[in-house]
Amino acid sequence: MKPVQEIFPLLNSPRHVVIVPHQKPDADALGASLAMFHFLKQFGHTVSIVSPSNWAGWLNWMPGSKEVIDSDLHKEEADKILDRAEWLFCLDFNAFDRAKNLSAKLEKLTCTKILIDHHQQPDEKSFDYGISDTAKSSTCEMIYDFIIASGHGDKMNKEMIDCIYAGVVADTGSFRFSSTTANVHRLVADLKQRGLEHMQVHNELFDNFLENRMRFIGHVLLNRMEVFYEYNTVLLTIPKSDLLKFHIKTGDTEGLVNYPQSITGIKLVAIVIDRDEERKWSFRSKGDFDCNSFARKYFEGGGHFNASGGRSSDSLEKTVQKFYTAMKENKLLLQ
Ligand code: 5GP
Ligand code: MN
């Protein structure tokens with residue numbers, strides 16, 4: 001994988017560009033994709049964003065989101081666009097298997113593949129150009145760096161500013177996580193000088209839900225939370241019946257995993273959601289507990305040191321039993 005800076009001189013020659021975020025793109029993945037989309041269009045490139053799946057409806061305020069193609073819903077159109085691609089940007093994921101239904105298709109493409117991502121263990125051999133930096137707070141921060149380093153900071157318009165800021169806020173836990181460096185604050189200061197209206201973005205990200213989601217959160221924290229003080233661990237287990245009862249949609253469960261972190265002394269929070277196709281895990285830790293290794297070892301997953309995810313094909317009961325065992329095996333690391 002050659003350094004991503006090597007594509008800067010090529011930016012001025014219009015191409016067919018396709019941008020792909022990870023499966024179920026979150027604010028960082030979608031924000032990064034849209035910021036890159038709005039940036040590249042200004043050079044005359046033909047740019048499309050193809051998402052491997054749907055995304056949370058509450059992200060639809062992001063400028064340009066209507067143009068994102070959900071390849072689950074529009075497979076033929078997505079395939080056609082991907083077949084035409086001369087450049088493929090993979091943003092906020094670093095191995096094709098994180099693109100789920102699109103992974104085989106992406107692997108087969110022979111176009112130039114470019115990676116911009118901040119997760120651990122990148123599959124660098126699959127990409128021609130790229131940057132992978134786990135020290136970065138978010139892929140949106142990396143897109144900002146890319147734009148500034150390319151010498152085209154003047155192209156940073158309102159759409160890009162909103163998308164980049166949203167991804168940075170989301171992935172830093174509103175500037176809380178250790179990944180929030182001085183550079184992140186400098187980026188925000190710069191975006192502010194360029195016209196960022198941060199209250200508007202916060203409002204879209206955090207104050208834009210329906211009543212059912214709030215009632216669901218209350219129910220989960222009251223009835224679905226187990227606290228294991230001996231292991232400084234909290235587990236939230238969400239059966240399918242809860243998702244149906246509260247009319248929960250993609251994205252409504254995001255952020256739930258953060259609530260138990262406010263209990264004094266808690267080091268690891270896990271949440272498992274009984275989705276149709278799989279049991280989906282999310283992990284968050286504080287301090288020196290490595291969620292990435294934990295997710296890789298026990299739940300076919302990965303991510304960052306303090307935030308990761310995984311999956312299981314087992315039943316909800318079985319995968320929860322596996323978690324109990326894993327937690328016990330990690331007792332010393334959780335002290
Ligand atoms: P979340 O819990 O917010 O879904 O994900 C936390 C972090 O872990 C994100 O950076 C996400 O990309 C990563 N992640 C989530 N699920 C998986 C997974 O199944 N495999 C891998 N490799 N990473 C994941
Ligand atoms: Mn990210």
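This is a predicted model: local features need pLDDT of at least 70, side-chain atom pairs count only at pLDDT 80 or more; totals for chains, interfaces and linings use all residues.
**The pocket**

Start with the second largest pocket, and select Lys24, Thr250, Arg275, Asp276 and Glu277. Of the 18 residues lining this pocket, these lie nearest its centre. The space inside is about 390 Å³. Next, select residues 240-245. This is helix α9, which gives three residues to the lining, the largest share.

The whole structure holds 19 aromatic pairs. A pair of aromatic rings is described by the distance of the centres and the angle of the planes.

Select Phe8 and Phe146. Their ring centres are 5.2 Å apart and the planes stand at 75 degrees; an angle over 60 counts as edge-to-face, so this pair is edge-to-face. Phe8 is in the loop between β1 (2-3) and β2 (16-21), while Phe146 is in helix α4 (residues 139-149). The pair thus links distant parts of the chain, 138 residues apart. Both Phe8 and Phe146 are buried.

Now select Trp87 and Phe89. Here the ring centres are 6.1 Å apart with the planes at 80 degrees, so this pair is edge-to-face. Trp87 has 2% relative accessibility and counts as buried. Phe89, at 0%, also counts as buried.

Select Trp281, Phe283, Phe289, Phe294, Tyr298, Phe299 and Phe323, which ring pairs link into a cluster.

Finish at Phe209, where Arg213 lies over the face of the ring, 3.8 Å from the ring centre.

How values were computed:
Residues are numbered from 1 along each chain as its sequence is written. Chains are lettered from A and ligands numbered from 1 in the order in which they are written. Side-chain values use heavy atoms; hydrogens and water are left out. On a 1 Å grid over the protein atoms alone, a cavity is a set of points where a 1.4 Å probe fits but cannot get out, and a pocket is an open set with protein on both sides within 12 Å along at least five of seven lines; lining residues have an atom within 4 Å of a point. Grid points are joined across faces, edges and corners, and a volume is the space filled by probe spheres set on the points. Helices (H or I, at least four residues) and strands (E, at least two) are DSSP runs, numbered from the N terminus. Rings of Phe, Tyr and Trp (its six-membered ring) pair if their centres lie within 6.5 Å; planes under 30 degrees apart count as stacked, over 60 as edge-to-face and the rest as tilted. Buried means under 20% relative accessible area, exposed over 50%, partly exposed in between (1.4 Å probe, protein chains only). A charge sits over a ring if NZ of Lys or CZ of Arg is within 6 Å of the ring centre and within 35 degrees of the ring normal.
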